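Visitor: I would like to go through the assignments in this entry one by one. Please set each value against its cut-off.

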Amino acid sequence: MTVPLQPPPRLYGDSRDWRELEQYLIRIQKIFAGGVIDHGELSGLADDDHSQYVHITVARTIAALVTFSRGANPPFAVAPGSTKVDNLDVAKLDGKDWDSALTLTGTVRHTGSQFAVLGAALASQQAASANLTDNSGGTADDTIQALPNPADAPATADALRDDLVANLIPALRNDIADLTAKVNTCLTVLRTFGFIGA
């Protein structure tokens with residue numbers, strides 16, 4: 001129990017006054033003798049009782065403008081991995097304005113179900129688009145073949161038919177197979193980047 005500290009005694013010069021002063025100083029010494037002067041030894045350091053300060057492990061909502069003045073150094077560091085900063089509004093990316101040319105080095109990958117730059121999913125992003133099934137019977141060879149003209153004066157209708165079956169129709173089948181393969185490749189890329197549904 002701490003004894004309330006009274007004002008110091010008035011001194012008039014006799015020995016009794018000096019004894020009272022001595023007792024007063026002794027009480028002061030006892031009050032401060034058990035005090036803690038090392039900050040690290042204070043009790044309650046882990047208590048979150050200063051909400052006006054930024055805490056290292058407890059969330060804080062900061063309504064005022066915080067200005068970082070670190071020159072060329074970044075204002076803060078974000079741990080690598082899945083850590084992200086929601087609603088981060090930046091004026092520049094890699095030192096470039098959004099309306100100027102931006103050069104990114106390395107490989108840029110998008111692994112989500114939608115292309116984020118487009119914002120909300122478009123109807124085309126939600127609808128599934130399956131690959132085409134090629135039943136033409138042709139062979140894709142990355143070449144659109146020239147279509148041969150039938151004979152100018154076939155002897156008979158059968159001869160014209162035989163000419164078409166032997167020359168024009170195979171070329172058409174191969175061209176259809178090539179177009180189908182290219183369309184399916186494009187669909188796969190669009191599906192991978194989230195432009196169309198899976």
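Visitor: How many salt bridges does the count come to?

Guide: This is a predicted model, and the count comes to 3 salt bridges.

Visitor: What makes Asp48 and Arg60 a salt bridge?

Guide: The rule asks for a side-chain nitrogen of Lys or Arg within 4 Å of a carboxyl oxygen of Asp or Glu. The closest N and O atoms of Asp48 and Arg60 are 2.5 Å apart, so the pair qualifies. Both residues lie in the loop between helix 1 and strand 1, so the bridge ties together parts that are 12 residues apart in sequence.

Visitor: Why is Asp48 called partly exposed?

Guide: Partly exposed is the class between buried, under 20% relative accessible area, and exposed, over 50%. Asp48 has 39% relative accessibility, so it counts as partly exposed. Arg60, at 24%, also counts as partly exposed.

Visitor: How do you know that Asp142 and Lys182 meet in a salt bridge?

Guide: Their N to O distance is 2.9 Å, and the cut-off is 4 Å. The pair links distant parts of the chain, with Asp142 in the loop between helix 2 and helix 3 and Lys182 in helix 3, 40 residues apart.

Visitor: Why does Asp142 count as exposed?

Guide: Its relative accessibility is 61%, and exposed means over 50%; therefore Asp142 counts as exposed. Lys182, with a relative accessible area of 45%, is partly exposed.

Visitor: What is the phi of Asp142?

Guide: Asp142 has a positive phi of about 60°, although it is not a glycine. Most residues other than glycine have a negative phi.

Visitor: What makes Asp162 and Arg161 a salt bridge?

Guide: The closest N and O atoms of Asp162 and Arg161 are 3.5 Å apart, and the limit is 4 Å. Arg161 has a relative accessible area of 52%, so it is exposed, whereas Asp162, at 45%, counts as partly exposed.

Visitor: Which helix has the highest confidence, and which the lowest?

Guide: Helix 3 (residues 157-192) is highest, at a mean of 91, and helix 2 (residues 123-126) is lowest, at 62. The mean pLDDT of the protein chain is 78.

Definitions and conventions: Residues are numbered from 1 along each chain as its sequence is written. This is a predicted model: local features need pLDDT of at least 70, side-chain atom pairs count only at pLDDT 80 or more; totals for chains, interfaces and linings use all residues. Side-chain values use heavy atoms; hydrogens and water are left out. pLDDT is the predictor's confidence in each residue, from 0 to 100. Helices (H or I, at least four residues) and strands (E, at least two) are DSSP runs, numbered from the N terminus. Buried means under 20% relative accessible area, exposed over 50%, partly exposed in between (1.4 Å probe, protein chains only).
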